[in-house]
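Open your viewer, get the sequence panel ready, and let's take a walk together. At each stop you'll hear what to select and what is there.

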Amino acid sequence: MDRSILIFDLKESLLEEANFNFQKVDILNLIELENALIGVNPDLVINLAAETKDNSMNLNDYVVNYLGVQNIVDTLTRMNYQGKFFHISTQYVRNAETPKSLPIEYGNPVNVYGLSKYIGETIVRKSKLVHWT
């Protein structure tokens, strides 16, 4: 059986040669996102799309890290998606001083970038998606 994997990223993927269905999709554009997901209906969705500069103090500079994630989650939920969703985050969601005994839900982001990724993680955790990591 052929398996379909869809990878979202902001730049060209180095994985294109590995038989993945890579699409450069603006996850902030709902129409573009929906067309990509509905057109493929993949078994696995990997979200690599992120703004990764970590020197801004403005949360709006990182909108793709949370609104983009919300758009993916909402679209997959509307599709009643039963495949797997991998969302890539960062170690910046927890400050080094945060006790390891605290669950991940008690994030202590290092900076505004970490906060944006923490918000994205929270969206995924609270979603109705069945299979996510």
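## First stop: a buried glutamate

Select Glu121: its relative accessible area is 13%, so this residue is buried (buried means under 20% relative accessible area, exposed over 50% and partly exposed in between, with a 1.4 Å probe and protein chains only). Before going on, note that this is a predicted model, in which local features need pLDDT of at least 70 and side-chain atom pairs count only at pLDDT 80 or more, while totals for chains, interfaces and linings use all residues. Residues are numbered from 1 along each chain as its sequence is written, and side-chain values use heavy atoms, leaving out hydrogens and water.

Side chains of opposite charge can pair when their charged atoms come close. Both residues sit in helix H3 (residues 112–125), four residues apart, so about one helical turn separates them.

## Second stop: a bridge between helices

How many salt bridges does the structure hold? There are two. For the other pair, select Glu34 and Arg78, whose closest N and O atoms are 2.5 Å apart. Glu34 belongs to helix H1 (residues 30–40) and Arg78 to helix H2 (residues 63–78), so this pair ties together parts that are 44 residues apart in sequence.

Is Arg78 buried or exposed? With 54% relative accessibility, Arg78 counts as exposed, while Glu34, at 25%, counts as partly exposed.

Next, select Leu48, Phe86 and Ile88, which make a nonpolar surface patch of about 220 Å². Patches are made of residues with over 30% relative accessible area and no salt bridge; like charges are joined within 9 Å, and nonpolar side chains (Val, Leu, Ile, Met, Phe, Trp, Tyr) within 5 Å. Ile88 is in the loop between strand S4 (84–87) and H3, and its 41% relative accessibility makes it partly exposed.

## Last stop: the whole chain

Zoom out and color by secondary structure. The protein chain has three helices and five strands (DSSP runs numbered from the N terminus: helices are H or I with at least four residues, strands E with at least two). Along the sequence, they follow the pattern β-β-α-β-α-β-α-β. Of the 133 residues in the protein chain, 39% are buried.

Notes:
A salt bridge is a side-chain nitrogen of Lys or Arg within 4 Å of a carboxyl oxygen of Asp or Glu. Accessible areas come from the Shrake-Rupley method with a 1.4 Å probe; for residues, only the protein chains shown count as cover.
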